[in-house]
Amino acid sequence: MSGHSKWANIKHRKGAQDKKRAKQFTRAIKDITVAVKEGGGADPEANPALRNAIANAKGVNMPKDTIERAIKKASGADADNYETVTFEGYGPNGIAFFIECTTDNTNRTVASVRSIFSKNGGSLGTNGSLEFLFDRKGVFTIERENFEMPLEELELQLIEGGAEDFEESDEFITIYTDFTNFGKMAETLENLNIEVKNSELQRIPTNTNELPLEDAKKIMKLVDKFEEDDDVQNVFYNLEITDELAEALDEED
(Lines give C-alpha, C1' and ligand atoms only; values in the text may rest on other atoms or scores of the structure.)
Protein backbone atom coordinates (compact mmCIF):
# COMPACT_ATOMS: atom_id res chain seq x y z
CA MET A 1 0.00 0.00 0.00
CA SER A 2 2.93 2.37 0.44
CA GLY A 3 2.86 3.53 -3.16
CA HIS A 4 -0.91 3.90 -3.02
CA SER A 5 -0.65 5.81 0.24
CA LYS A 6 1.89 8.18 -1.24
CA TRP A 7 -0.41 8.83 -4.21
CA ALA A 8 -3.38 9.53 -1.95
CA ASN A 9 -1.34 11.72 0.39
CA ILE A 10 -0.01 13.84 -2.45
CA LYS A 11 -3.59 14.22 -3.64
CA HIS A 12 -4.69 15.21 -0.14
CA ARG A 13 -1.77 17.61 0.32
CA LYS A 14 -2.45 19.24 -3.02
CA GLY A 15 -6.09 19.56 -2.04
CA ALA A 16 -5.11 21.09 1.30
CA GLN A 17 -3.09 23.73 -0.55
CA ASP A 18 -5.89 24.46 -3.00
CA LYS A 19 -6.74 28.14 -2.81
CA LYS A 20 -9.98 27.80 -4.74
CA ARG A 21 -12.16 28.07 -1.67
CA ALA A 22 -15.34 28.68 -3.67
CA LYS A 23 -14.89 25.37 -5.49
CA GLN A 24 -14.34 23.54 -2.22
CA PHE A 25 -17.52 25.04 -0.81
CA THR A 26 -19.48 24.11 -3.94
CA ARG A 27 -18.36 20.49 -3.60
CA ALA A 28 -19.21 20.43 0.09
CA ILE A 29 -22.70 21.87 -0.50
CA LYS A 30 -23.37 19.27 -3.20
CA ASP A 31 -22.26 16.51 -0.82
CA ILE A 32 -24.62 17.87 1.86
CA THR A 33 -27.49 18.06 -0.63
CA VAL A 34 -27.01 14.50 -1.85
CA ALA A 35 -26.62 13.25 1.74
CA VAL A 36 -29.91 14.85 2.80
CA LYS A 37 -31.75 13.59 -0.29
CA GLU A 38 -30.36 10.07 -0.37
CA GLY A 39 -29.05 9.45 3.14
CA GLY A 40 -32.21 9.85 5.17
CA GLY A 41 -33.11 13.44 5.97
CA ALA A 42 -31.73 16.58 7.56
CA ASP A 43 -30.93 15.21 11.04
CA PRO A 44 -27.21 14.40 11.23
CA GLU A 45 -27.79 12.17 14.26
CA ALA A 46 -29.96 9.87 12.13
CA ASN A 47 -28.06 10.32 8.85
CA PRO A 48 -24.44 9.07 8.82
CA ALA A 49 -23.90 10.36 5.26
CA LEU A 50 -24.88 13.84 6.37
CA ARG A 51 -22.60 13.66 9.42
CA ASN A 52 -19.74 12.79 7.08
CA ALA A 53 -20.63 15.61 4.66
CA ILE A 54 -20.78 18.12 7.53
CA ALA A 55 -17.39 16.94 8.85
CA ASN A 56 -15.84 17.39 5.41
CA ALA A 57 -17.42 20.84 5.07
CA LYS A 58 -15.87 21.82 8.39
CA GLY A 59 -12.58 20.40 7.10
CA VAL A 60 -12.50 23.06 4.35
CA ASN A 61 -13.42 25.72 6.92
CA MET A 62 -16.98 26.26 5.74
CA PRO A 63 -18.78 28.53 8.24
CA LYS A 64 -21.39 26.92 10.47
CA ASP A 65 -24.20 29.16 9.16
CA THR A 66 -23.36 28.22 5.56
CA ILE A 67 -23.58 24.53 6.47
CA GLU A 68 -26.92 25.07 8.20
CA ARG A 69 -28.31 26.98 5.20
CA ALA A 70 -27.20 24.17 2.88
CA ILE A 71 -28.98 21.57 5.02
CA LYS A 72 -32.13 23.68 5.21
CA LYS A 73 -32.20 24.25 1.45
CA ALA A 74 -31.51 20.57 0.71
CA SER A 75 -34.50 19.53 2.80
CA GLY A 76 -36.87 22.07 1.21
CA ALA A 77 -39.19 21.81 -1.76
CA ASP A 78 -36.90 23.98 -3.93
CA ALA A 79 -33.80 21.83 -3.33
CA ASP A 80 -31.48 21.17 -6.25
CA ASN A 81 -31.78 17.70 -7.74
CA TYR A 82 -28.33 16.21 -8.21
CA GLU A 83 -27.28 12.83 -9.49
CA THR A 84 -23.89 11.16 -9.35
CA VAL A 85 -22.28 10.12 -12.64
CA THR A 86 -18.84 8.72 -13.39
CA PHE A 87 -16.58 8.81 -16.45
CA GLU A 88 -13.52 6.84 -17.49
CA GLY A 89 -10.95 7.67 -20.11
CA TYR A 90 -7.32 8.05 -21.06
CA GLY A 91 -5.14 11.13 -20.98
CA PRO A 92 -1.88 11.54 -22.92
CA ASN A 93 0.69 8.74 -22.64
CA GLY A 94 -1.95 6.20 -21.65
CA ILE A 95 -2.67 7.62 -18.18
CA ALA A 96 -6.04 6.31 -16.97
CA PHE A 97 -8.61 8.67 -15.46
CA PHE A 98 -11.68 7.95 -13.35
CA ILE A 99 -13.85 11.01 -12.79
CA GLU A 100 -16.75 11.36 -10.33
CA CYS A 101 -19.31 14.09 -10.91
CA THR A 102 -22.40 15.41 -9.15
CA THR A 103 -24.66 17.21 -11.59
CA ASP A 104 -28.14 18.58 -12.21
CA ASN A 105 -27.63 18.32 -15.99
CA THR A 106 -26.04 15.10 -17.20
CA ASN A 107 -25.93 16.17 -20.87
CA ARG A 108 -23.91 19.26 -19.93
CA THR A 109 -21.52 17.21 -17.83
CA VAL A 110 -20.95 14.57 -20.52
CA ALA A 111 -20.21 17.28 -23.10
CA SER A 112 -17.83 19.09 -20.77
CA VAL A 113 -15.85 15.99 -19.75
CA ARG A 114 -15.59 14.81 -23.36
CA SER A 115 -14.40 18.26 -24.43
CA ILE A 116 -11.68 18.42 -21.75
CA PHE A 117 -10.38 15.00 -22.80
CA SER A 118 -10.38 15.78 -26.54
CA LYS A 119 -8.79 19.23 -26.21
CA ASN A 120 -5.92 17.83 -24.13
CA GLY A 121 -4.86 14.76 -26.07
CA GLY A 122 -7.12 12.29 -24.30
CA SER A 123 -10.25 10.30 -25.02
CA LEU A 124 -13.44 9.46 -23.13
CA GLY A 125 -13.97 5.71 -22.72
CA THR A 126 -16.99 3.56 -21.94
CA ASN A 127 -18.14 3.09 -18.36
CA GLY A 128 -16.59 0.03 -16.74
CA SER A 129 -13.66 -0.09 -19.15
CA LEU A 130 -11.07 1.23 -16.66
CA GLU A 131 -12.66 0.65 -13.27
CA PHE A 132 -10.52 -2.46 -12.71
CA LEU A 133 -7.41 -0.25 -12.65
CA PHE A 134 -8.48 1.31 -9.33
CA ASP A 135 -9.19 -0.05 -5.86
CA ARG A 136 -12.01 1.67 -4.02
CA LYS A 137 -10.82 2.55 -0.53
CA GLY A 138 -12.12 4.49 2.43
CA VAL A 139 -9.59 7.19 3.34
CA PHE A 140 -9.77 9.00 6.69
CA THR A 141 -7.46 11.82 7.72
CA ILE A 142 -7.13 12.76 11.39
CA GLU A 143 -4.88 15.31 13.04
CA ARG A 144 -2.37 14.04 15.58
CA GLU A 145 -3.47 16.69 18.08
CA ASN A 146 -7.00 15.23 18.11
CA PHE A 147 -6.15 12.11 20.10
CA GLU A 148 -4.18 11.50 23.28
CA MET A 149 -3.72 7.72 23.42
CA PRO A 150 -0.43 6.16 22.24
CA LEU A 151 -0.35 5.69 18.48
CA GLU A 152 0.21 1.92 18.79
CA GLU A 153 -2.92 1.56 20.94
CA LEU A 154 -4.95 3.69 18.54
CA GLU A 155 -3.84 1.64 15.55
CA LEU A 156 -4.90 -1.60 17.26
CA GLN A 157 -8.39 -0.19 17.85
CA LEU A 158 -8.60 1.10 14.29
CA ILE A 159 -7.57 -2.29 12.89
CA GLU A 160 -10.57 -3.74 14.72
CA GLY A 161 -12.62 -1.07 12.93
CA GLY A 162 -11.42 -2.24 9.53
CA ALA A 163 -8.17 -0.33 8.99
CA GLU A 164 -5.91 -1.94 6.39
CA ASP A 165 -3.04 0.51 6.33
CA PHE A 166 -1.77 3.75 7.88
CA GLU A 167 0.31 6.62 6.59
CA GLU A 168 1.92 9.05 9.03
CA SER A 169 3.18 12.60 8.69
CA ASP A 170 4.13 15.23 11.26
CA GLU A 171 0.56 16.57 11.44
CA PHE A 172 -1.74 13.85 10.14
CA ILE A 173 -2.53 10.15 10.33
CA THR A 174 -4.20 8.76 7.20
CA ILE A 175 -6.21 5.56 7.60
CA TYR A 176 -7.14 3.23 4.72
CA THR A 177 -10.00 0.74 4.73
CA ASP A 178 -11.78 -1.39 2.19
CA PHE A 179 -14.72 0.63 0.89
CA THR A 180 -17.14 -1.84 2.50
CA ASN A 181 -15.74 -0.84 5.92
CA PHE A 182 -16.16 2.91 5.38
CA GLY A 183 -19.19 3.17 7.68
CA LYS A 184 -17.62 0.89 10.28
CA MET A 185 -14.49 3.05 10.45
CA ALA A 186 -16.53 6.26 10.66
CA GLU A 187 -18.41 4.76 13.60
CA THR A 188 -15.18 3.57 15.25
CA LEU A 189 -13.63 7.05 15.11
CA GLU A 190 -16.87 8.58 16.37
CA ASN A 191 -16.93 6.18 19.34
CA LEU A 192 -13.33 7.10 20.12
CA ASN A 193 -14.34 10.80 20.07
CA ILE A 194 -11.72 11.52 17.41
CA GLU A 195 -12.60 14.39 15.08
CA VAL A 196 -12.00 13.55 11.43
CA LYS A 197 -10.35 16.19 9.23
CA ASN A 198 -11.54 14.53 6.03
CA SER A 199 -13.12 11.22 5.04
CA GLU A 200 -13.99 10.03 1.58
CA LEU A 201 -14.12 7.07 -0.75
CA GLN A 202 -11.15 7.25 -3.10
CA ARG A 203 -10.25 5.16 -6.13
CA ILE A 204 -6.57 4.39 -5.67
CA PRO A 205 -4.67 3.00 -8.67
CA THR A 206 -3.60 -0.65 -8.44
CA ASN A 207 -0.50 0.24 -10.46
CA THR A 208 0.96 3.60 -11.44
CA ASN A 209 2.80 4.74 -14.56
CA GLU A 210 5.86 6.97 -14.29
CA LEU A 211 6.38 9.63 -16.96
CA PRO A 212 9.19 12.11 -17.66
CA LEU A 213 8.72 15.26 -15.60
CA GLU A 214 7.38 17.52 -18.37
CA ASP A 215 4.90 14.87 -19.52
CA ALA A 216 3.81 14.27 -15.92
CA LYS A 217 3.27 18.01 -15.40
CA LYS A 218 0.98 18.04 -18.46
CA ILE A 219 -1.10 15.29 -16.85
CA MET A 220 -1.40 17.35 -13.67
CA LYS A 221 -2.54 20.34 -15.73
CA LEU A 222 -5.22 18.09 -17.22
CA VAL A 223 -6.22 17.08 -13.67
CA ASP A 224 -6.55 20.78 -12.84
CA LYS A 225 -8.79 21.37 -15.87
CA PHE A 226 -11.15 18.62 -14.76
CA GLU A 227 -11.17 19.89 -11.17
CA GLU A 228 -12.04 23.40 -12.36
CA ASP A 229 -15.32 22.08 -13.78
CA ASP A 230 -18.17 22.79 -11.37
CA ASP A 231 -19.74 19.36 -11.91
CA VAL A 232 -16.57 17.41 -11.08
CA GLN A 233 -16.24 16.21 -7.48
CA ASN A 234 -13.18 13.91 -7.68
CA VAL A 235 -10.50 13.06 -10.23
CA PHE A 236 -8.47 9.85 -9.91
CA TYR A 237 -5.59 8.82 -12.17
CA ASN A 238 -2.76 6.29 -12.31
CA LEU A 239 0.18 8.63 -12.80
CA GLU A 240 3.13 7.83 -10.53
CA ILE A 241 3.77 10.81 -8.24
CA THR A 242 7.58 10.82 -8.13
CA ASP A 243 9.53 12.90 -5.63
CA GLU A 244 10.65 15.08 -8.53
CA LEU A 245 7.06 15.70 -9.60
CA ALA A 246 5.91 16.36 -6.02
CA GLU A 247 8.66 18.98 -5.61
CA ALA A 248 7.72 20.59 -8.92
CA LEU A 249 4.07 20.78 -7.86
CA ASP A 250 5.02 22.30 -4.51
CA GLU A 251 7.04 24.98 -6.29
CA GLU A 252 4.06 25.88 -8.48
CA ASP A 253 1.58 26.16 -5.58
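Which residue in S6 is the bridge partner of Phe140?

Modeller: Ile175 is the bridge partner of Phe140 in S6. First, the ground rules. The model is predicted: local features need pLDDT of at least 70, side-chain atom pairs count only at pLDDT 80 or more, and totals for chains, interfaces and linings use all residues. Residues are numbered from 1 along each chain as its sequence is written, and side-chain values use heavy atoms, with hydrogens and water left out.

Now the strands. Strands (E, at least two residues) and helices (H or I, at least four) are DSSP runs, numbered from the N terminus. S4 (residues 134-143) pairs with S6 (residues 172-178) in the antiparallel sense, over seven bridges. Two strands pair if DSSP finds at least two bridges between them.

Next, the whole sheet. Its four strands run in the order S5-S6-S4-S7; the sheet is open and the pairing antiparallel. S5 (163-168) and S7 (198-205) each have a single partner strand, so one side of each is left without a neighbour in the sheet. Neighbouring strands are turned by 30° against each other on average, direction ignored. Axes are lines fitted to C-alpha atoms, for helices over the stretch in contact; angles run from 0 to 180 degrees between N-to-C directions.

Two helices complete the picture. H6 (residues 151-160) lies across S4, S5 and S6, at about 150° to S5. H7 (residues 182-191) packs on the sheet and touches S4, S5, S6 and S7. The direction of H7 makes about 10° with that of S4. Contact means heavy atoms within 4.5 Å.
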